[in-house]
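Take a look at the fold below and keep it open as you read. We'll walk through a few of its pieces in turn.

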Amino acid sequence: MAYNPFSLEGKTILVTGASSGIGRGIAAECSKMGAKMVINGRNVERLNETMSMLEGEGHVAIAADLSKQEDIDSLVAQCPAINGVVHSAGIPKICGVKHIERSLLEEIVNVNEIAPILLTSGLLKKKKLQKKSSIIFIASISGVCVANVGEAPYSTTKGGLAGFTKGAAYELAAQGTRVNTICPALVPTSILGLSNEMFSEQQLKDTMYGRYPLKRVGTPEDIANGAIYLLSDASSWVTGINLIIDGGYTLV
Ligand SMILES: NC(=O)c1ccc[n+]([C@@H]2O[C@H](COP(=O)([O-])OP(=O)(O)OC[C@H]3O[C@@H](n4cnc5c(N)ncnc54)[C@H](OP(=O)(O)O)[C@@H]3O)[C@@H](O)[C@H]2O)c1
């Protein structure tokens with residue numbers, strides 16, 4: 001077989017948020033590159049749908065609500081030895097700064113920031129991450145590169161992940177573990193309340209495409225290709241970065 005530095009053959013990868021959108025796309029594309037997948041989400045039916053989209057054998061689905069510590073612990077306990085983890089689970093909260101309340105902030109920080117950090121910590125503590133593992137946080141251009149009205153709480157969590165990435169990448173480099181963040185721009189998924197049924201191709205073109213120098217919004221596969229790079233041996237000298245995948249959005 002021809003040498004392919006982007007191959008994921010022989011690697012087992014955990015993807016959270018794999019029951020939908022970007023996480024589902026990452027799981028599907030990684031399986032095409034030869035990885036065995038451990039997929040997580042809350043919704044068992046949609047998690048099983050993702051399972052049916054995976055190529056190859058030996059994949060595992062583990063349902064867990066990552067807002068709860070006992071579920072994080074249970075996911076860690078059930079997780080086989082892995083070579084990489086992609087933290088894609090996340091929620092949006094649109095709220096103006098003067099209307100932010102403790103409950104809203106605690107909810108979004110808990111799911112988007114605390115959960116992936118504690119899951120990472122748990123996987124390390126229980127030695128589930130093998131030598132030369134790759135850890136990826138799905139952050140956003142929001143909070144790392146750009147801002148939008150009403151997105152300050154969401155941006156807080158994504159900027160926090162980018163900060164954690166730097167610290168963890170430096171600390172874990174000693175054991176050969178790499179830690180990186182992917183910052184996508186707009187990918188129409190259920191997180192935005194957008195779907196192809198709700199927005200026609202023409203509506204997307206009229207309202208959004210013009211803001212993207214490459215003239216389209218993203219797809220889960222666009223983000224998955226970045227994840228494949230960061231999970232594969234092709235990126236073995238890459239750690240602590242924010243990989244911006246945005247169709248050129250942050251150029252202007
Ligand atoms: N779409 C975009 O434009 C965009 C842009 C930048 C960054 N992002 C980031 O990309 C990531 C994926 O978003 P998406 O667009 O794919 O959204 P999505 O389609 O709504 O998927 C979100 C996923 O997160 C999971 N999730 C949410 N809360 C959870 C919890 N408490 N425990 C376990 N899983 C939970 C959901 O699982 P269940 O449905 O099973 O509950 C679902 O699989 C998020 O971190 C988001 O912030 C998205």
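**A walk from helix 7**

Let's start with helix 7: its 12 residues (220-231) should span 16 Å at 1.5 Å a residue, and since its end C-alpha atoms are 16 Å apart, the two values agree. The expected span is 1.5 Å times one less than the number of residues. Helices here are DSSP runs of H or I with at least four residues, strands are runs of E with at least two, and both are numbered from the N terminus. Keep in mind that this is a predicted model, where local features need pLDDT of at least 70, side-chain atom pairs count only at pLDDT 80 or more, and totals for chains, interfaces and linings use all residues. Residues are numbered from 1 along each chain as its sequence is written.

Helix 7 is largely enclosed by the rest of the structure, because 9 of its 12 residues are buried. A residue is buried with 20 or more other C-beta atoms within 10 Å of its own, exposed with 12 or fewer, and partly exposed in between, with C-beta atoms placed from the backbone. Among the buried ones are Pro220, Asp222 and Leu231. What do the buried residues of helix 7 pack against? Their partners are helix 1 (21-32) plus strands 1 (12-16), 4 (82-87), 5 (129-138), 6 (178-184) and 7 (242-245); contact means C-beta atoms, placed from the backbone, within 7 Å.

Helix 5 (residues 152-172) has 21 residues and reaches 30 Å from first C-alpha to last, close to the 30 Å expected. Its buried residues include Pro153, Tyr154, Lys158 and Leu161, and the cover over the buried residues includes helix 4 along with strands 5, 6 and 7.

Now for helix 4 (residues 102-125) and helix 3 (residues 69-78), which pack at about 40° with axes 10 Å apart. Axes are lines fitted to C-alpha atoms, for helices over the stretch in contact, and angles run from 0 to 180 degrees between N-to-C directions. Helix 3 brings Ile72, Asp73, Leu75 and Val76 to the contact, while helix 4 brings Ala115, Leu118, Leu119, Gly122 and Leu123.

Ser7 is in the segment before strand 1, and it counts as partly exposed because it has 17 C-beta neighbours inside 10 Å. Beyond its neighbours within four places in sequence, Ser7 touches Met33, Gly34 and Ser232.

Technical notes
Contact = placed C-beta atoms within 7 Å.
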